[in-house]
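Morning, everyone. I will take a few minutes on one model; please bring it up on the screen.

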Amino acid sequence: MSLDSVTQNVDEAVSDFFEPIAKWLGDVVFYAVPVGGTQLPLIVAWLVVAGLVFTGWFGLVQVRKFRLAFDVVRGKYDEKGSAGEVNHFQALTAAVSGTVGLGNIAGVAVAVSIGGPGATFWMILCGLLGMATKFVEVTLGVKYREVHADGTVSGGPMHYLPKGLKERFGSGGAKLGKVLAVLASIMILFFGLFGGNLFQTNQSYAQVASTFGGEDGFMASSAGAVLFGLVVAALVGLVLLGGIRSIASVTSRLVPAMAGIYIVACLVVILGNVTAVPDAFQEILRGAFEADGVAGGVLGALIIGFQRAAFSNEAGLGSAPIAHSAVKTNHPASEGLVALLEPFIDTVVICTMTALTIVIADPASWGEARAGESIGGVTITSDAFETVLPWFPAVLTVAVLLFAFSTILTWGYYGLKAWSYLFGKSKASETVFKVIWSLFVVLGALMSLDSLISLADSALFLLSVFNIIGLYLLAPVVKRELASFLEFVRARKAGEIDGDGDQESAKTTV
């Protein structure tokens, strides 16, 4: 029996077993209610409402403190000797590498196909709201992180939920926090293995096989799949062995490079069709507020745009605080401000660039998808680029590989922290996880396991329910931390505190 037939049989057996479970959980987590002739998933409303609440609660922090966030990333307010493992820029790129992925390429194409160009406007708005949610959860992640004896750091909802709720509400809060922390860890681990690992490998392998030789090429064979899986697994394993410092070192170079390549390619298409730019913006704005030609009307465009943004930037899901918690800082809100840049980069910049490229290029496949034909999102995006860059499918393959690799790395770190919380932080325990993680990379090149990936999606968004409950309860803590950091910034600007964080004698004037 060939390897292809074995993997196909296993794939089918797993799908047959888990498909009913995946469907049931998906129906629960993504339960939708009819609104204005379309369906609104309540989980999307849950995430968007959180963004609205925190935007109001913190007085448009994502707008008022946007410049300060860039100053913090640049190291303007660094303090020598701060606890942590990586600097602000490295923490940001590590977290961004977990959100910027295939969804930015394929998911956006699907959004503007179903919701029309107007979905772009609502996607941007949701990204802006998500910046406030990300600020809150990351501030809590750093506030309640655990710094180990060896200098390594563990953070995320599995730490700030039990510690924060105990601090605010005593023993009752501690019990609730512990339950939420265990559930959060299980969800992070499950999604990490199947959504953050297996799915990324599977889709990147499919793109490589399609670009280099197609169905008849070596890469499309079982031997090619195994080779691809082993190479990626080896690279991932080498980086994971170095922990967050190693991951941050790679992503701090990889993320700017891959984002830069992709954005430059988008600009080439946009500039190549520069006369169509005004009409494209008019189409996006008109589609956002007019019902004609859009599935579900204005509400349909709004819901699709919000859904794409919520699924892309992961604001409120509790995943990003795990990476951000490793930052070197004595002020938790400083990293919270850095983190609000994450949805801006992921959704407002990269997702919007993809949408603009498709709307401006207007490839035939996009028109066919809007007419109801089933066409993959990657195909639509690739066709849009190909209108100006005939050789772009090869570049897109590189982008897909970089996006997928960085996502696997970051979710490997997230998964390791969830695993360590559940099973202990011993070296043996961590080694077991890293071996399992690398094996899943190889498995991803051989199988799709669609039902398990559907389960993983449900698990990730179920995590937002547990996480956001904690964010609401702990928001007053974040407000105090923000005030503390802003006072530090004021004192630093006034020369009352030096670069080491020490008080300086007051300056006198003559």
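A contact here means heavy atoms within 4.5 Å. On that basis, and not counting residues up to four places away in sequence, Ala109 touches Ile358, Gly377, Ile380 and Thr381.

Before going on, the source. This is a predicted model, in which local features need pLDDT of at least 70 and side-chain atom pairs count only at pLDDT 80 or more, while totals for chains, interfaces and linings use all residues. Residues are numbered from 1 along each chain as its sequence is written, and side-chain values use heavy atoms, with hydrogens and water left out.

Back to Ala109. This residue lies in helix α6, residues 102-114; helices are DSSP runs of H or I with at least four residues, and strands are E runs of at least two, numbered from the N terminus. Ala109 has a relative accessible area of 0% and is buried, where buried means under 20%, exposed over 50%, and partly exposed in between, with a 1.4 Å probe and protein chains only.

Next, Ser319, in the loop between α12 (297-313) and α13 (320-324). Ser319 is buried as well, at a relative accessible area of 0%. Its side chain makes a polar contact with the side chain of Glu314, at 2.7 Å. A polar contact is a pair of N or O atoms within 3.5 Å; within protein, one must be able to donate a hydrogen and the other to accept it, and residues adjacent in sequence count only if both atoms are side-chain atoms. Leaving out residues up to four places away in sequence, Ser319 touches Glu314, Trp411 and Tyr414.

Setting aside neighbours within four places in sequence, Phe135 contacts residues including Phe58, Leu337 and Leu482.

Last, helix α11. Which of its residues are buried? They are Val277, Ala280, Ile284, Gly287 and Ala288. Seen down the axis, they fall within an arc of 105 degrees, so they line one face of α11; the arc is that of the directions from the helix axis to the C-beta atoms.
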